[in-house]
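Please consult the sequence and the structure shown here while reading.

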Amino acid sequence: QLQQQQQEHQEDTEKTVVSPPSPPPPKSSKNATTTAAAAAASTTTATGTTTTTTTGTSASLGFLRRSEMGFERLRAVLSAFSRHRPDIGYCQCLNYICALLLLVCEPENAFWIMSAMVEWILPNEYFSESLVGAVTDTRVLNHLVAKKLPNIARHLKRLDTSLAPSCLQWFVCLFVTVLPIHITVRVWDIVLVHGGHSLFWVALGLLNLNQDRILKTTNEGQLFDVMTTIGSNWDDEKAVVRSILKFKVPKVTVRHLQRHERKALSQHMQSLKGKE
């Protein structure tokens, strides 16, 4: 079905691109729109950092880069979103989220679904300039790994590293860059039904499935390679979903940890500014 949808998007070159309705452009909308258009244009390059280092859903979205129609749809939605939310404008991960939505719905629906995900489902400041919401969640994940997957936590301590560098991309791209498309859509089902706190279920489930690979790493570079290809060895979406649902951390627990880690992060940032 996905292959058929991709072909329909490529062949439907005469269909008019529908730009989602948006409020009148604010003063900064020109820069925001230009940024979004440039970001959309960046998806047409075949040598982008993410493209060359990931094997997930992003590799399956190549038809959008090859299709003028797909590119125009992507640019229309990203530009409309940058006008709708000038405080965010454009964040690098949004092109992946938008592209996956365009596989299954028209541009206007893609716009509203993406807006709902950013504004209602995911934590605040996930896509801010500082990414403070996503950085907070990487700290929360480290705490949960120590409790739920102690073998991995001890191994990370021996390597003197953390999950933050790679897991930050997991969260802001909603796992698009590391999972095959048929598993990514199942993951999104879980997140849309249960809420943003279920992102931690997904992260813990993936770490659990790849525990043997992680424990065999001997340095930070090897660990990063495992983390950026964490979905490459799994094709059975049912097995992945079963692993994810083993780690149903309650929402109240996640919210408590997020408040605690956000406060700790804020204090750390203030101390760094004080030293400057």
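Helices (H or I, at least four residues) and strands (E, at least two) are taken as DSSP runs, numbered from the N terminus. On that basis the protein has 17 helices and zero strands. This is a predicted model, in which local features need pLDDT of at least 70 and side-chain atom pairs count only at pLDDT 80 or more, while totals for chains, interfaces and linings use all residues. Residues are numbered from 1 along each chain as its sequence is written, and side-chain values use heavy atoms, with hydrogens and water left out.

**Burial and surface**

A residue is called buried under 20% relative accessible area, exposed over 50%, and partly exposed in between (1.4 Å probe, protein chains only). Of the 276 residues of the protein, 49% count as buried. Accessible areas come from the Shrake-Rupley method with a 1.4 Å probe, and for residues only the protein chains shown count as cover. The accessible surface amounts to about 13,800 Å², and 52% of this belongs to carbon and sulfur atoms. A contact requires heavy atoms within 4.5 Å. Among contacts between residues at least 6 apart in sequence, 79% join residues at least 24 apart.

A nonpolar core is a set of buried Ala, Val, Leu, Ile, Met, Phe, Trp, Tyr and Cys residues joined through side-chain atoms within 4.5 Å. The largest such core has 72 residues, and Leu-94, Phe-127, Phe-175 and Leu-207 are those with the most contacts inside it. Helix α7 (residues 94-104) gives the largest share of this core, nine residues.

In helix α11 (164-172), the buried residues are Ser-166, Cys-167, Trp-170, Phe-171 and Val-172. Their cover includes α7, α9 (132-148), α13 (199-209) and α15 (220-228).

**Positive phi angles**

| Residue | Phi | Position |
|---|---|---|
| Asp-160 | about 55 degrees | loop between α10 (150-159) and α11 (164-172) |
| Leu-174 | near 50 degrees | follows α11 |
| Phe-175 | about 70 degrees | loop between α11 and α12 (181-194) |

Asp-160 is exposed, with a relative accessible area of 70%, whereas Phe-175 is buried, at 0%. Which residues does Phe-175 touch, not counting residues up to four places away in sequence? They are Trp-170, Thr-184, Val-187, Leu-199, Val-202, Ala-203 and Leu-206.

**Cavity**

On a 1 Å grid over the protein atoms alone, a cavity is a set of points where a 1.4 Å probe fits but cannot get out, and lining residues have an atom within 4 Å of a point. Grid points are joined across faces, edges and corners, and a volume is the space filled by probe spheres set on the points. A search of the whole structure finds one cavity of 30 Å³ or more. The largest cavity holds about 40 Å³ of space. Its lining consists of Met-117, Leu-174, Val-187, Trp-188, Val-191, Leu-192 and Leu-199. The largest share of that lining, four residues, comes from α12.

**Cysteines**

A disulfide is a pair of cysteine sulfur atoms within 2.5 Å. A search of the whole structure finds zero disulfides. The sulfur of Cys-93 has its closest cysteine sulfur in Cys-91, at 3.8 Å, which is too far for a bond. Cys-93 is buried, with a relative accessible area of 3%, and Cys-167 also counts as buried, at 1%.

Methods
On a 1 Å grid over the protein atoms alone, a cavity is a set of points where a 1.4 Å probe fits but cannot get out, and a pocket is an open set with protein on both sides within 12 Å along at least five of seven lines; lining residues have an atom within 4 Å of a point.
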